[in-house]
Amino acid sequence: MFGNLRKLLYIYYVINDKDMKRFEKAPKSSERLSYVYRTEFEDGSIHFGRVNASKHYTPKAYISNALSAVKHNANNPLRVCMTTEFEYKVANEIDSVKCEIIFAGPTDEAKKLRNEEVARLGIMCMNARSAGSDSLGIDNIVTISKEFSKALKSANEILYFIDPRYGRSIGLADKMISNVKHPLYPNFIKLACIQVERV
C-alpha cells in the first residue's frame with residue numbers, strides 16, 4: 001500500500017516539476033505584445049510611442065512615466081542628457097496633453113503601425129522631427145561608424161552621440177549639440193534631428 005502511495009507521489013512531483021520547467025521557459029504572451037500610444041499637444045504636435053504590453057500602462061500611466069523620467073534625470077547629472085524632447089514637452093504641457101492607446105497587439109504589427117503613422121503625419125509628428133530633419137525626411141538615414149559614435153536608450157527613444165571631429169568630417173556639424181555630452185564618454189556629443197544607422 002505504502003509502496004503504491006510513494007510511486008504515485010513520485011509520479012505527481014516529477015510530472016509537475018517538468019510542467020513547471022516547461023511553463024517557465026515558455027514566454028508569456030504579453031512579451032510578444034505591445035501597445036501603441038498616440039500623444040497630442042496643444043500646438044498640434046503628435047508623438048507615437050510603443051511599450052511592451054507586460055508593463056500594463058494606461059494612457060495616464062504612460063504620461064506619468066514620461067513625467068517621472070524628466071524629474072529623475074534632472075536629479076542625476078549622468079542622466080540629464082537622456083531626457084527626450086517628448087518628455088520635456090509632456091512636463092511643460094502636462095495640464096493639456098492628450099494620450100490614447102491606438103493599438104494593442106503583436107509587437108511586429110505595433111512597430112509597423114507606429115512607423116506608418118509617423119510617415120503619414122510627416123513634420124507634425126515629433127517622431128519624424130527627432131528622427132530626421134525637415135529636409136532629410138523620415139525615410140533618409142545617415143550612416144555613421146560605431147567606432148566614432150555611442151547610443152543611449154531612454155524611456156521613449158534612442159539618443160545618439162558622436163565624436164565631434166568625425167561628425168564634422170562627414171558633414172554633420174549643424175546636427176551636433178556641443179554642450180550635451182555622453183554621461184560616460186564626454187568626448188562624444190549629442191546628435192539632434194537625424195535618423196541614424198550605426199555600422
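The chain holds six helices and nine strands, both taken as DSSP runs numbered from the N terminus (helices: H or I, at least four residues; strands: E, at least two). The model is predicted, so that local features need pLDDT of at least 70 and side-chain atom pairs count only at pLDDT 80 or more, whereas totals for chains, interfaces and linings use all residues. Residues are numbered from 1 along each chain as its sequence is written, and side-chain values use heavy atoms, with hydrogens and water left out.

Of the 199 residues in the chain, 34% are buried (under 20% relative accessible area, 1.4 Å probe, protein chains only). The accessible surface of the chain amounts to about 12,600 Å², and carbon and sulfur atoms contribute 53% of this area (Shrake-Rupley method, 1.4 Å probe). Among contacts (heavy atoms within 4.5 Å) between residues at least 6 apart in sequence, 59% join residues at least 24 apart.

Three strands form an open sheet in the order β2-β1-β3, with antiparallel pairing; two strands pair if DSSP finds at least two bridges between them. Strands β2 (46-52) and β3 (98-106) lie at the edges, each pairing on one side only. On average, neighbouring strands of this sheet are turned by 20° against each other, direction ignored. Seven bridges link β1 (residues 33-40) to β2 in the antiparallel sense, and Y35 stands opposite V51 in β2. Helix α4 (residues 107-121) packs on the sheet and touches β1, β2 and β3. The direction of α4 makes about 170° with that of β2, where axes are lines fitted to C-alpha atoms, for helices over the stretch in contact, and angles run from 0 to 180 degrees between N-to-C directions.

Notes: Buried < 20%, exposed > 50% of the residue type's maximum accessible area, 1.4 Å probe, protein only.
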